[in-house]
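Welcome! Have the sequence and the 3D view ready as you read.

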Amino acid sequence: MPLNPSEVTSRPVYPPLSADPRAARHWLVLEAGSLDGELLAELHTAFAPVAARLQVCWVGTSAPPADWGAFTVLPDVAALGSVLAQAQPLAVNDRLCAQGTEPFVWGVAALAAQAGLATAQVQLAHAGSQRRRVWCTHCHGFTDDVTTSVVACAGCGRHLLVRDHFSRRHGAFMGVMVDAEQPGVRPAVQEVFP
Amino acid sequence: MNGSSLTLRVVSATTLSPSLRHLQLASADGAPLPPTGAGAHVLFALPGAGRSHRNAYSLVNAPGSRSHYDIIVRRVAASRGGSAAVHETLQVGDTLQAQWPANLFAPVRGARRHVMVAGGIGITPFLSYLQDAGVRQAGFELHVCCREEERAVFAPWLPADAPVFFYWDADGHRLDTAALLARQPAGTHLSVCGPSELNASVLAAAATAGWPSAQVHTEHFGSGASGGTAFEAVLHKSGVRVQVAEDESLLDAIERIGVAAPCLCRGGACGVCITPLLDGEAEHRDHFLSPAEQAQFIMPCVSRARGARLVLDL
């Protein structure tokens, strides 16, 4: 599902992932179930020049493609933390690339930052569902896997309008109370992030 | 206390080597000086033959000093007058005009580690880095390429425990830049200050080694880069023409005829002196303008004309 363009400047845009032949090591972190065969083939070609210094992590339960070579299969994003811990010390010229849904790739970005990688060493790209992680401006809680224009906050129950405003720190979109002016008067809920 | 110019008095002047002189300067009226951070510089008006020269020098005193500033000045062989004046004319008790300090080379606060590479007198900004609490806490190493005999000159300026390594032009003593940059921990920032050839080679090595460009910083110096062939500059708004001599910069020439032109670093780095270019082909020597901007603007502190004439919107 390609992302819709937005007028909101904080909305990230994601160029295709690319390998940097000058880099020391690459990690390519892929979300199982989000990438189709065509995209996988493109990535295979793009990262072939650095294959000797590349570790591909396949995150999720579905099986990795058979014709792709070696994968490190991880149950979830948190497990990537131990992969990076084993690779310490991370170098200034290492690179980490991630592709999948936005909640997934921004989860990877948070782990990479924790491990000490600079933002310039981390590349993110979108694939799969447009579902969003939403941050409530009222209770500061998160609501995951949001596909609709209005969602009930998992933290405080307020009905939140999901905006395009994005926080890189939270890896989440802003949600603001939709019926604050007239309680109970809410627009129809539409599935806008399939 | 705020302003744009300072009057400084020479408190002490010490010859460190045949080509290096240390000046300690205090405020002429005894007032506290504006505090500066590591990497700051001050633009001085120095007496010269027939006209005054404006040279920028890095401050080597500890960051935050209010009582005095320290600079170390290399006498440039083909001196336009500025560095020669520091070496030959200035005496203790003399006063100097200077601009307020500026800083185009501050250490990056988020850095997890600092790797510094200095070429010769390019060590000066790093002498203040080495006294900066943030740099010391993050961890650093300083690599200095200089003449073998200058090691002893710089040694007293370095903290005793500091990881400083010297290199000079002899087998077994040259800096292996590629090896230095190949394996540095993530979060390291590289800062380079030296002659343009050294800066260019270290920057190229960092790019080749895959360093993110946001983690590579450089400060250029070299007043020698301001000379070239003579040409005529037409100042459109002022309606005057000035001949720019071979040994002066376009900015020097503009100032010589009394046209006020803003400037800060006089080294093509800060962008303060940007001037719209109306006609003529420029030889751009700055480190600031993008190629697209260079089609419309010129930085007169370092850049010159390719042809016989430039028309500036000044």
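Let's start where two domains of chain A meet: 6 residues of domain 1 of chain A are in contact with 4 residues of domain 2 of chain A. On the domain 1 side, the touching residues comprise 4 nonpolar, 1 polar and 1 charged. Please keep in mind that this is a predicted model.

**Domains**
- In chain A, the domain assignment places domain 1 at 26-126 and domain 2 at 132-177.
- Taken over C-alpha atoms, the centres of domain 1 and domain 2 of chain A are separated by 26 Å.
- Chain B is assigned domain 1 (5-99), domain 2 (113-220) and domain 3 (224-312).
- Between the C-alpha centres of domain 2 and domain 3 of chain B there are 31 Å.

**Where the chains meet**
- Chain B has 14 residues in contact with 15 residues of chain A.
- Those on the chain B side are 6 nonpolar, 6 polar and 2 charged.

- In soluble globular proteins, nonpolar side chains tend to be buried together.
- Here the largest nonpolar core holds 114 residues, and Val29(A), Val108(A), Ala118(B), Phe126(B), Val144(B) and Ala233(B) have the most contacts inside it.
- Helix α3 of chain A (residues 102-115) supplies the largest share of this core, with 7 residues.
- If you set aside its neighbours within four places in sequence, Val108(A) is in contact with Val29(A), Val77(A), Leu80(A) and Ala98(A).
- Another core, of 12 residues, lies apart from the largest one and includes Cys136(A), Val146(A), Val151(A) and Phe193(A).

Methods: Residues are numbered from 1 along each chain as its sequence is written. Chains are lettered from A and ligands numbered from 1 in the order in which they are written. This is a predicted model: local features need pLDDT of at least 70, side-chain atom pairs count only at pLDDT 80 or more; totals for chains, interfaces and linings use all residues. Two residues are in contact if their C-beta atoms, placed from the backbone, lie within 7 Å. Ala, Val, Leu, Ile, Met, Phe, Trp, Tyr, Cys and Pro count as nonpolar, Asp, Glu, Lys and Arg as charged, and the others, Gly among them, as polar. Domain bounds come from an automatic or database domain assignment. A nonpolar core is a set of buried Ala, Val, Leu, Ile, Met, Phe, Trp, Tyr and Cys residues joined through C-beta atoms within 7 Å. A residue is buried if 20 or more other C-beta atoms lie within 10 Å of its own, exposed if 12 or fewer, and partly exposed in between; C-beta atoms are placed from the backbone. Helices (H or I, at least four residues) and strands (E, at least two) are DSSP runs, numbered from the N terminus.
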